[in-house]
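Me: Can you walk me through this one? I have the sequence and the fold open.

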Amino acid sequence: MDGGEIRMVTKRKGRKKRHSQPADQLNEMGETVAETRGMGPAEDAGDQANDAFQVGEAVAGYELASEFSGESVADTAARRGPSGHLDHCPSGVRVPVPAISSHLIEGFGPDSLDPYGGRPGDMVGASDRKGLRAKVRTLCPPVPGIYGMFDRHGELIYVGKSRSLRHRLLSYFGEAARKEKGGRIIENSRAIQWETQPSDFAAQLRELQLIRRWTPRFNVQGVPHRHRPVYLCLGRKPAETFFLASSPPATDCVAIEGPFYGAERMRSVVDALNKTFQLRDCSQQTVFQYQDQLSLFELSPRPGCLRLEIGTCLGPCAAACSRDEYVQRVNAAQSFLDGFNDEPLVAVRELMESASANQQYELASRARDTLKSLQYASRKLGHLADARRDFSFVYAATGYDACSIWYLVRSGEIIDVASAPKDRDQYQLLRPTLKKWQSLLGSRHQRVRVDQPHSVAVVASWFRKHRGELKQTFQPEGAGRRYHRLSHHRADAL
């Protein structure tokens, strides 16, 4: 290793490499500090890690160029001015930030729901809790945003969000948190990075986006199985089936709903749904053949299980059904996810009552437990169905720094965003987008593939808890009359 080179990310056998951008940034600063101090090559990996987090204590003293403007350190310092304020928001509003901080080059990565192209983000590092707490208290702003914790290897270990970043991060250092999960997280942390968001709604969306992207270990490990989110998916061609996923699959799905909590009970839900709708539950490695599928040879495939014989599967592995017959059952299953079909609940309730009448109490007990799980899933799907039915509009989320965002919500899902216009000229530039939005909302009953399928859960929960925010919604054709009042009435009050 060359003199002065400090590496924070080490490859550990059997461990998946995670988000390491902030470690690279500390590495760059480490090279500068090493050259200043005349440091030589580290003798072993332990020395490298110790040196790296001595550098972590100096993070707050170095200015890096901002990714959002592409300017140099000198330009950033000149733009800051004597007041210590730096304009991060493209709206032209001057946002106060601490005079001493390190503005990250990469941050948490791109945000598809940020029409402004970037948010202010800082990171602080220290070798102990006391030093880290002091820097958070001094540098972290009390505004909405998301934060990430990094361990001594520069690995992202936790992502969270808060309406007040400073107060939330300081709570990790309190005595009450020492024996809780927050205490374990902060004990393993050597650097904290945060990114401000214009609103609490934007912070919730960004948090979910980053957890899905990086899957930090403390967002999963230490969480009881009954509290871990899973998604109920219908897909996997050529013979679709219900299955669970820890995060929404990117492809090969007819429908995705969730998140649900409690992997064990959701497994019983999946089993009941596949049996009720006669969908297969075998491995994806199974060879499937339909009756109407052409073949060069006369084959008589045999089913791989007993479900075909007992009538709980159509048997796509044994050419016992046509593709059209199977698709009909898939469509019926999709209607259950949309909240229009209670066939599974009726079937399991009848099974429970029949087993009880015949004194088959063990079977009746299993059916009762399955019915409870199905009722939970049905209630959750009902909330999501209400959101899909009622929530199709433009939501004007006002930012604390006047960086307001218009979200296009279609059937409960966020499918597009735009920066809120500040004047008539900006509104005229936005009119083609509004016409496109009006067309999309006109066909909202047609299911389409979107980039944010998980957003329906956030949208449903947000408006259920904040009913007053529905006053901030409107249809695209009414934007011309309402944009100024809806986008800025809170900002004017400030």
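**Backbone and sheet**

Reply: Start with a loop. Gln278 sits in the loop between helix H8 (263-276) and helix H9 (307-310). Keep in mind that this is a predicted model.

Me: What is the phi of Gln278?

Reply: Positive, about 60 degrees, although Gln278 is not a glycine.

Me: Is Gln278 buried, partly exposed or exposed?

Reply: Gln278 counts as partly exposed, because its relative accessibility is 23%. The buried class ends under 20%.

Me: And Thr215, what about its phi?

Reply: Positive as well: about 45 degrees, and Thr215 is not a glycine. Thr215 lies in the loop between H7 and S7. Its relative accessible area is 32%, so Thr215 is partly exposed.

Me: Switching to the sheet. What is the strand order?

Reply: S3-S6-S4-S5. Four strands make an open sheet, with antiparallel pairing.

Me: Which strands are at the edges?

Reply: Strand S3 (121-125) and strand S5 (156-162). Each of them pairs on one side only.

Me: By how many degrees are neighbouring strands turned against each other?

Reply: 15 degrees on average, with direction ignored.

Me: How many bridges join S4 to S5?

Reply: Six. Strand S4 covers residues 145-150, and S4 and S5 run antiparallel.

Me: Which residue in S5 is the bridge partner of Phe150?

Reply: Leu156.

Me: Now helices. What does H4 touch on the sheet?

Reply: Helix H4 (residues 129-139) packs on the sheet and touches S3 and strand S6 (191-196). The direction of H4 makes about 155 degrees with that of S3.

Me: And H7, which strands does it lie across?

Reply: S4, S5 and S6. Helix H7 spans residues 200-214 and runs at about 165 degrees to S5.

Me: What about Pro259?

Reply: A cis peptide bond joins Gly258 and Pro259, and omega is about 10 degrees.

Me: Where is Pro259?

Reply: In strand S9, residues 253-261.

Me: What form do most peptide bonds take?

Reply: Most are trans.

Technical notes
Residues are numbered from 1 along each chain as its sequence is written. This is a predicted model: local features need pLDDT of at least 70, side-chain atom pairs count only at pLDDT 80 or more; totals for chains, interfaces and linings use all residues. Side-chain values use heavy atoms; hydrogens and water are left out. Two strands pair if DSSP finds at least two bridges between them. Helices (H or I, at least four residues) and strands (E, at least two) are DSSP runs, numbered from the N terminus. Axes are lines fitted to C-alpha atoms, for helices over the stretch in contact, and angles run from 0 to 180 degrees between N-to-C directions. Contact means heavy atoms within 4.5 Å. Buried means under 20% relative accessible area, exposed over 50%, partly exposed in between (1.4 Å probe, protein chains only).
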